[in-house]
Amino acid sequence: MPIRWIDAGTVSDLRSQSIYHGLGYAQERRTPDTIVLATPESPYLCVGHFQDPARELDLEFCRKSGLPVIRRETGGGTVLIDSGQLFVQWVFQRESLPRKVEQRFETFIKPIVETYSFFGIDAKLYPVNDIHVNGRKICGTGAGTIGEAEVVTGNFLFDFDTEKMVQALNLPGEVFREQTRESLNKYLTTFGKEKRSQPDRKEVIEVYMAQCRKVLGRDFFDGNLTEKESKEMELIEEKWREEAGHFIPLSRPEERLLKIHAGVWIGQMKHAARGGFIESVIRMNENRIEFIKLKADAGNATAKDWNGLETSLTGAVLEREQLSDRLAKYFSSHREQGGFHIDDWVEALLRIRNEKKRVTGRE
Amino acid sequence: MSHEKINECVIPKDLHYSVEDNTWVRLNEDGTVTVGMTDIAQHLAGPILHAKAKGAGTDRKKGKPIATVESGKWVGPVKSPVSGVITEVNEKLAGDAQLINRSPYREGWVVKMKPEALDAELKEMVTGDQAVAAYKAKIERDNIKACNHIEGSDTY
């Protein structure tokens, strides 16, 4: 059966999300597999199904800036979606996609990778479901079962408003915020950054369609939304509008873990140690410390800053033995340990990696 | 518990299965049933990061979601294999959703329910050797080479 192709063009913020939800809820056994392309006319923030918008976002900033917040019914993290992106949505019958989630993402990602490659960008799948260009993320994905349909979504990034994203996030402090800014600039890329000039969207869509045809081995037909699908979209938009009214802003968190991409994370953890606390802001890349800022207080600490220790720990892999060795070496020539044992420091530093493992299920 | 392994996927023979939705039902002595995801379901999903069940007291028809899970950016429902009222939710899943991966048939159960039409609905499920045969066909059809088990899984 051929695939229905819907190029929705530029649509409202809510509609860019409600299309695939509506298609999912309206899906019947005879509904064709459908690929939708859409670009929102204005920016908005979108959180994953299991995320709490108040923990993720500075809702006061979002409100003042006129940025709607939507909680989608697919997985993944917080994203800023705007007119600099081409949103790709697959709404398929269950048996049309691989049953294993990991393989489903592989199938979905392949035509996006090939399309970027066509435009001279060396994009590759970064397991499980990112697309990277030389260590920088160029596409995010999400998936879910909506109604009876299997849905997978992703995007082509033409441009990205880093500053808006940085301001919209609920972060613990300015050190963390600055790291987020720096990391997004360093580890997120776009058509614009890679090629200096952005390709024509129409051309991207044509190439993408050809790649989908190749990967899926199926024909396409230009289709429209049915009345039932449109009705479902309106219902979910209404639900989101109502839900947004109940989002209550939260104060800044003391601890936070933020994913920049699958390999790069920023964390701020406050570790209660014997006699005080050790607070760390760490950016890790493949579990290796790229940036670290420490604050420690055992009541009798004399150290004013930890610059030397931070330098000594930069580049270390966040694993017990290596951290212990570096700390022991550092403190053998620096007497001041802040009143803490080396074990306290190790436990404090490992918390970010442990937290990452807890939320991702992976090392 | 007697079980079969097909391509490393474990199928206990004393449970009743809704094969298409990859859920199982255990009949309890007090008239309730325990419901969970199969070993195949946990394999297909990958490491489960979140699991949220509908609350106790929720009335569900067969085929409607009794819980939602997230694994690796995919969110999906656990569909009820029976009609009835949820009487108990596995609270441990809120703090450790990977219990479903590690112990799909024991510690990782999802809800307990008081069924409303159990006799009729059990006829639509399979158990014992019939379940093994049904899953053998499904595993071939879905091209599952081997079920993956994360560290700390139940040993059979």
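I call a residue buried if 20 or more other C-beta atoms lie within 10 Å of its own, exposed if 12 or fewer, and partly exposed in between, with C-beta atoms placed from the backbone. This is a predicted model, in which local features need pLDDT of at least 70 and side-chain atom pairs count only at pLDDT 80 or more, while totals for chains, interfaces and linings use all residues. Residues are numbered from 1 along each chain as its sequence is written, and chains are lettered from A and ligands numbered from 1 in the order in which they are written.

Entry 1: burial. I looked up strand β10 of chain A, residues 141-146; strands (E, at least two residues) and helices (H or I, at least four) are DSSP runs, numbered from the N terminus. I found 6 of its 6 residues buried, so β10(A) is largely enclosed by the rest of the structure. On one side I noted T141(A), A143(A) and T145(A), and on the other G142(A), G144(A) and I146(A), all of them buried.

Entry 2: pairing. I count two strands as paired if DSSP finds at least two bridges between them. I found β10(A) paired with β11(A), residues 149-157, in the antiparallel sense over 6 bridges. There, A149(A) is the bridge partner of I146(A). The hairpin of these strands has 2 residues between them, and G147(A) takes a positive phi near 60°.

Entry 3: the other chain. I found that β10(A) also pairs with β9(B), residues 74-79, in the parallel sense over 2 bridges. I recorded V75(B) as the bridge partner of G144(A).
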